[in-house]
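I am opening a notebook page on this structure, to set down what I looked up and in what order.

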Amino acid sequence: MLNPLCRALATAFFCLCAQIGAAKCIYDTVWIRGDFGSARFNVEIADTNRERAIGLMNRPSMPTSEGMLFVYPRPQPLSFWMRNTLIPLDMLFVDPTGTVTRVHHEAVPLDETPIPGGDGLTHVLEINGGLARLMGIREGAQLRHPSFDQDIAVWPC
């Protein structure tokens, strides 16, 4: 039997470990893993029509470890453009399981040419242009975020 001090320390340690584990899957953080290893991005969430329409428009810069996660309520074909977007972006198109199905590298600022992502998509992660290539993020990488249906997510919370 543990003495009261050891029991208290063990309980505190267990709670701390549980909090650290839970902290890995919070709404403003996306984890991504693949052959390159893993990475974390602090993200703004765009999950309403208005937020998705504005996206990252009119911003002069974005910190390297940040991005925007576009979340859609059901799988659908998605296509993006760079209207009023001032910074080059990499776009990671993601299916309902959290698997990256397409990476568009370095979308050109202010270009209104449609960038198709494909069919059956529920998420798009936008990060700074050139970062996906630099880090080695490519198709098949997996995202972890609470907005994915955890029953089918390849990397559940």
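**Strands and their neighbours**

I began with the strand pairing and noted that strand 4 and strand 6 pair in the antiparallel sense over 6 bridges, where two strands pair if DSSP finds at least two bridges between them, and where strands (E, at least two residues) and helices (H or I, at least four) are DSSP runs numbered from the N terminus. In this pairing, Met 91 has Glu 126 of strand 6 as its bridge partner. I then found that strand 3 and strand 6 also pair in the antiparallel sense, over 8 bridges, with Gly 118 of strand 6 as the bridge partner of Leu 78. Strand 6 covers residues 115-128, and because 10 of its 14 residues are buried, this strand is largely enclosed by the rest of the structure; buried means under 20% relative accessible area, exposed over 50%, and partly exposed in between (1.4 Å probe, protein chains only).

**What kind of model this is**

I reminded myself that this is a predicted model, in which local features need pLDDT of at least 70, side-chain atom pairs count only at pLDDT 80 or more, and totals for chains, interfaces and linings use all residues. Residues are numbered from 1 along each chain as its sequence is written, and side-chain values use heavy atoms, with hydrogens and water left out. The chain has a mean pLDDT (the predictor's confidence in each residue, from 0 to 100) of 89, and 85% of its residues reach 70 or more.

**Aromatic rings**

I searched the whole structure for aromatic pairs and found 2; rings of Phe, Tyr and Trp (its six-membered ring) pair if their centres lie within 6.5 Å, and planes under 30 degrees apart count as stacked, over 60 as edge-to-face and the rest as tilted. Phe 70 is buried at 2% relative accessibility, and Phe 80 and Phe 93 are both buried.

**The disulfide**

Last, I looked for disulfides (a pair of cysteine sulfur atoms within 2.5 Å) and noted 1, which joins Cys 25 to Cys 157 with 1.7 Å from S to S. Cys 25 is buried at 14% relative accessible area, whereas Cys 157, at 42%, counts as partly exposed.
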